[in-house]
Amino acid sequence: MIENTILRNKIDSIFNKIRNQKSDAWNLNIHRWDWSCGVGLYGLLKAFEATGDEKYIHFIRQWFDQNGPNHVFGSVNNVAPANAVLLLAENSEDPQYEKVCQAYADWCTKTALRTSNDGLAHVWEGGDEDYKNQLWIDTMFMAGIYLLKYGRYKNDPAIIEEALHQYGLHMGCLLDPQSELFYHAYHCVNKTFLGEHWGRGNGWMVVSLVELLQTLKDSAYDLDRTISVFKRVMEKAYSLRLENGMLRTLLLVEESYPETTCTALFGYVAWKGYTLGILDERFLEWGKTIVETIADFVSEDGNILFCSYGTNPESKEIYMTRPCDQSLYADGIVMMLLSLGL
């Protein structure tokens, strides 16, 4: 296993890149209350949980002081940064954090646009009108995790049950029983799958599932279906891994390129699934292999190789030709993974 010091240096290089980031690009702007920023902050949250190092929560607190007054609603993507605010609420008695957390829970449960089958529609400002009829796999990471964790934090059964309702809908609509993988999206009016068996999308979902299983592991909720789906998808992904642990951007297409964010998400889940006693030792070894592989993709200045750009449910060719680029979401995902090795 890679040395602890090396992992800390890799994580620090990514953290330094995040806190010194000045770009206004949607995928790099830490001040934009959106999903890329939210995933980046989630990586810092996980680094804090793994290390207890106050520099991470200090940065998040500074981030909130600057950006809290500008929080926005309107899309499930806008919910993602609220996970970082929940961390602040859990570690402070300052009511301003709780106020913002409650506002996002209220938006999810009372205001968010719903599809015809009562799912959280994956819409955003400037998005296609038809997105109001679509469930996307991204939604469970961007909003589902938050809703679940806030409900647990508040010990509010209604919020937890709404989160579980969304998990159930998304699993039921997006899981392809033939491949044992998730499709990128589902059209609730046409009742058809959209997109492909996208690697990062499947990663979003399995992280959401393992966070659910950890959050509710000591509860009375029936998690048998979730565990069954989780294990089936993880077994399928395990069978598709390359020699260095990597997975492809389209999981079932051998011509598609190995992709870092997809692989890192699955590595995080493989390791955590083993720790929770749900997955066997093969998955721990896979997770460790992925940590070693992806650590080599992180440069001294925190740049990360082979991370695909933002992706909509499109044709197979578009997925396979998405360029690789730097992003806050890639930073956060890789920090999540590497923090497990500390």
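T115 is buried in this predicted model, with a relative accessible area of 6%. The residue sits in the loop between α5 and β1. Its side chain is joined to that of N117 by a polar contact of 2.5 Å.

**The loop between α5 and β1**

- T115 falls under the 20% cut-off for buried residues, because its relative accessible area is 6%.
- D118 also belongs to the loop between α5 (95-111) and β1 (134-136).
- D118 is partly exposed, at 34% relative accessible area. That value lies between the 20% and 50% limits, so neither buried nor exposed applies.
- The backbone of D118 has a positive phi, near 80°, and the residue is not a glycine.
- Most residues other than glycine have a negative phi.

**Helix α6 and the residue after it**

- α6 is 17 residues long. From first C-alpha to last, α6 reaches 24 Å, close to the 24 Å expected at 1.5 Å a residue.
- A kink of about 40° is centred on G144 in α6.
- Of the 17 residues of α6, 14 are buried, so the helix is largely enclosed by the rest of the structure.
- N155 follows α6 and has a positive phi, near 55°. N155 is a residue other than glycine.
- N155 lies in the loop between α6 and α7 (157-174).
- N155 is exposed, with 62% relative accessibility. The cut-off for that class is over 50%, so N155 qualifies.

**S299 and its surroundings**

- S299 is placed in the loop between α11 (281-295) and α12 (316-320).
- The side chains of S299 and D301 make a polar contact, at 2.2 Å.
- S299 is partly exposed, because its relative accessibility is 29%.
- Between S299 and L216 there are 37 Å in space, C-alpha to C-alpha. In sequence, S299 and L216 are 83 residues apart.

**The largest pocket**

- The largest pocket holds about 440 Å³ of space.
- Its lining is made up of 22 residues. R32, D34, W35, N77 and W124 are the closest to the pocket centre.
- By class, the lining of the largest pocket contains 9 nonpolar, 8 polar and 5 charged residues.

**The second largest pocket**

- The volume of the second largest pocket is about 260 Å³.
- This pocket is lined by 14 residues. The closest to its centre are E49, L86, E90, K149 and T215.
- The lining of the second largest pocket divides into 6 charged, 5 nonpolar and 3 polar residues.

How values were computed. Residues numbered from 1 in each chain as written. Predicted model: local features only at pLDDT ≥ 70, side-chain atom pairs only at ≥ 80, totals over all residues. Heavy atoms only, no water. 1 Å grid on protein atoms, 1.4 Å probe; cavity = no way out; pocket = protein on both sides within 12 Å on 5 of 7 lines; lining within 4 Å. Points joined across faces, edges and corners; volume = space filled by probe spheres on them. Nonpolar A, V, L, I, M, F, W, Y, C, P; charged D, E, K, R; others polar. Helix = DSSP H or I, 4+ residues; strand = E, 2+ residues; numbered from the N terminus. Expected span 1.5 Å × (residues − 1). Bend = angle between axes of the 7 residues up to and from the residue. Buried < 20%, exposed > 50% of the residue type's maximum accessible area, 1.4 Å probe, protein only. Polar contact = N/O pair within 3.5 Å; in protein donor to acceptor, adjacent residues only side chain to side chain.
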